[in-house]
Amino acid sequence: MQDNEVLILEELEKNSDITQRDLSEKTGLSLGMVNLLLKKFIKKGFVKLERLNSKSFRYILTPEGFKEKSKKTIEYMKIYYQKTLIIKENIERIIRVYGRNRTYILFGKDREMKEIIESILKELNVDYITENDINKIDKSKIILYWDIDNEEKLKDFNSKFLLGEIEET
């Protein structure tokens with residue numbers, strides 16, 4: 001997804017004196033990826049490179065760069081909104097099939113996704129608990145998860161992937 005570009009552009013907007021190493025640490029991207037994206041931005045005119053001394057540079061976000069950051073942010077928000085709607089529709093399908101009068105288990109470590117799902121469950125007045133230790137989960141419970149990497153771990157449970165297609169039976 002293109003959100004890596006937004007992360008870099010946002011950091012440059014906050015601090016034009018930031019180093020590539022600091023950009024790497026703040027965004028979680030590799031130093032090589034940061035370097036590649038900066039070169040791309042400079043070539044496209046989104047960032048202007050200013051030499052401070054023989055070892056230091058300043059990366060200045062240009063007006064074109066600011067526009068690009070705004071466009072990419074809007075694109076990202078639209079994608080995020082669509083995914084949120086999919087999650088809500090899937091939770092509503094699960095509730096129609098399994099009922100509202102039960103406690104569902106949230107399984108996953110991504111804090112932002114967990115908060116989105118929690119807010120949807122609260123809005124729908126659905127009880128839930130969070131448990132990320134598979135050994136503590138009762139096999140009779142319904143597990144809601146959002147990280148596809150957990151699919152194999154949860155195959156022996158009644159688990160529902162919230163970003164996939166959920167059928168009503």
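Guide: What follows is a short tour by question and answer.

Visitor: Before we start, what kind of model is this?
Guide: This is a predicted model.

Visitor: Okay. How many salt bridges does the structure hold?
Guide: The structure holds 13 salt bridges. One of them pairs the side chains of Glu5 and Lys40, at 2.4 Å from N to O.

Visitor: Where do those two, Glu5 and Lys40, lie?
Guide: Glu5 lies in helix α1, residues 3-14, and Lys40 lies in helix α3, residues 31-44. The pair therefore ties together parts that are 35 residues apart in sequence.

Visitor: Is Glu5 buried or exposed?
Guide: Glu5 counts as buried, because its relative accessibility is 6% and the cut-off for buried is under 20%.

Visitor: And Lys40, what does it count as?
Guide: Lys40 counts as partly exposed, at 30% relative accessibility.

Visitor: Which residue is Lys72 bridged to?
Guide: Lys72 forms a salt bridge with Glu5. Their closest N and O atoms are 2.9 Å apart. Lys72 lies in helix α4, residues 63-98, and Glu5 in helix α1, so this pair ties together parts 67 residues apart in sequence.

Visitor: Is Lys72 buried or exposed?
Guide: Lys72 is buried, with a relative accessible area of 10%.

Visitor: What about Lys69, which residue does it pair with?
Guide: Lys69 forms a salt bridge with Glu13, and the closest N and O atoms are 3.2 Å apart. Lys69 lies in helix α4 and Glu13 in helix α1, so the pair ties together parts that are 56 residues apart in sequence. Lys69 counts as buried at 11% relative accessibility. Glu13 is partly exposed, with a relative accessible area of 40%.

Visitor: Let's switch to strands. How do β1 and β2 run?
Guide: Strands β1, residues 47-51, and β2, residues 57-61, run antiparallel. Five bridges join the two strands. A hairpin of five residues leads from β1 to β2.

Visitor: Which residue stands opposite Glu50?
Guide: That is Arg58, in β2.

Visitor: Now the surface. Which residues make the nonpolar patch?
Guide: Tyr76, Tyr80 and Tyr81 make a nonpolar surface patch of about 340 Å². Tyr81 is in helix α4. At 48% relative accessibility, Tyr81 counts as partly exposed.

Visitor: Last stop. Where is Ser30 found?
Guide: Ser30 sits in the loop between α2, residues 20-27, and α3. Ser30 counts as partly exposed, at 45% relative accessibility.

Visitor: How far apart in space are Ser30 and Gln20?
Guide: Ser30 and Gln20 are 9.6 Å apart, C-alpha to C-alpha. In sequence, Ser30 and Gln20 are ten residues apart.

Methods: Residues numbered from 1 in each chain as written. Predicted model: local features only at pLDDT ≥ 70, side-chain atom pairs only at ≥ 80, totals over all residues. Heavy atoms only, no water. Salt bridge = Lys/Arg side-chain N within 4 Å of Asp/Glu carboxyl O. Helix = DSSP H or I, 4+ residues; strand = E, 2+ residues; numbered from the N terminus. Buried < 20%, exposed > 50% of the residue type's maximum accessible area, 1.4 Å probe, protein only. Pairing = 2+ DSSP bridges. Patch = residues over 30% accessible without salt bridge, like charges linked within 9 Å, V, L, I, M, F, W, Y side chains within 5 Å. Areas by Shrake-Rupley, 256 points an atom, 1.4 Å probe, with all protein chains shown as cover.
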